[in-house]
Amino acid sequence: GAERIQKTPIPTCFTRHTSRLLFMWSNMMPFAIYPACGPLFTLPMTIGISYTLMGIEDIGVQLEEPFNILPLRQYSDGVHDGVDFIASAYNSDK
């Protein structure tokens, strides 16, 4: 049963919704932290917090679909070339 849950892909609408929510939250954050940080530190704090949260979100996206970040096309082309080379060497021996 656990393999089925693990292999179930996460819908792209979930990832898009999370990105949009984080974007809106980051744009509204300066208004929320201005009273606590004042005019001098509002922008640096907003940038720091947003950068951190967007980094966490990006890590989450990569964990959801780990094979999208690997160069699988180059790997498969290399394997294909290797198999073709072995097949041509095998056929030339006959």
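Visitor: In which helix is the place of Phe23?

Guide: Phe23 lies in helix 2 (residues 12-64); helices are DSSP runs of H or I with at least four residues, numbered from the N terminus. This is a predicted model, in which local features need pLDDT of at least 70 and side-chain atom pairs count only at pLDDT 80 or more, while totals for chains, interfaces and linings use all residues. Residues are numbered from 1 along each chain as its sequence is written, and side-chain values use heavy atoms, with hydrogens and water left out.

Visitor: Why does Phe23 count as exposed?

Guide: Exposed means over 50% relative accessible area, buried under 20%, and partly exposed in between (1.4 Å probe, protein chains only). Phe23 has 53% relative accessibility, and therefore counts as exposed.

Visitor: Which residues form a nonpolar patch on the surface with Phe23?

Guide: Leu21 and Met24 form the patch with Phe23, and together they have about 340 Å² of accessible area. Patch residues have over 30% relative accessible area and no salt bridge; nonpolar side chains (Val, Leu, Ile, Met, Phe, Trp, Tyr) are joined within 5 Å, like charges within 9 Å.

Visitor: What makes Glu57 a residue with no salt bridge?

Guide: A salt bridge requires a side-chain nitrogen of Lys or Arg within 4 Å of a carboxyl oxygen of Asp or Glu. For the buried Glu57, the nearest side chain of opposite charge, Arg16, is 10 Å away. Glu57 is also found in helix 2.

Visitor: Which element has the highest mean pLDDT?

Guide: Helix 2 does, at 91, whereas helix 1 (residues 2-7) has the lowest, 63; pLDDT is the predictor's confidence in each residue, from 0 to 100.

Key
Accessible areas come from the Shrake-Rupley method with a 1.4 Å probe; for residues, only the protein chains shown count as cover. Helices (H or I, at least four residues) and strands (E, at least two) are DSSP runs, numbered from the N terminus. Lys and Arg count as positive and Asp and Glu as negative; His and the chain ends are not counted.
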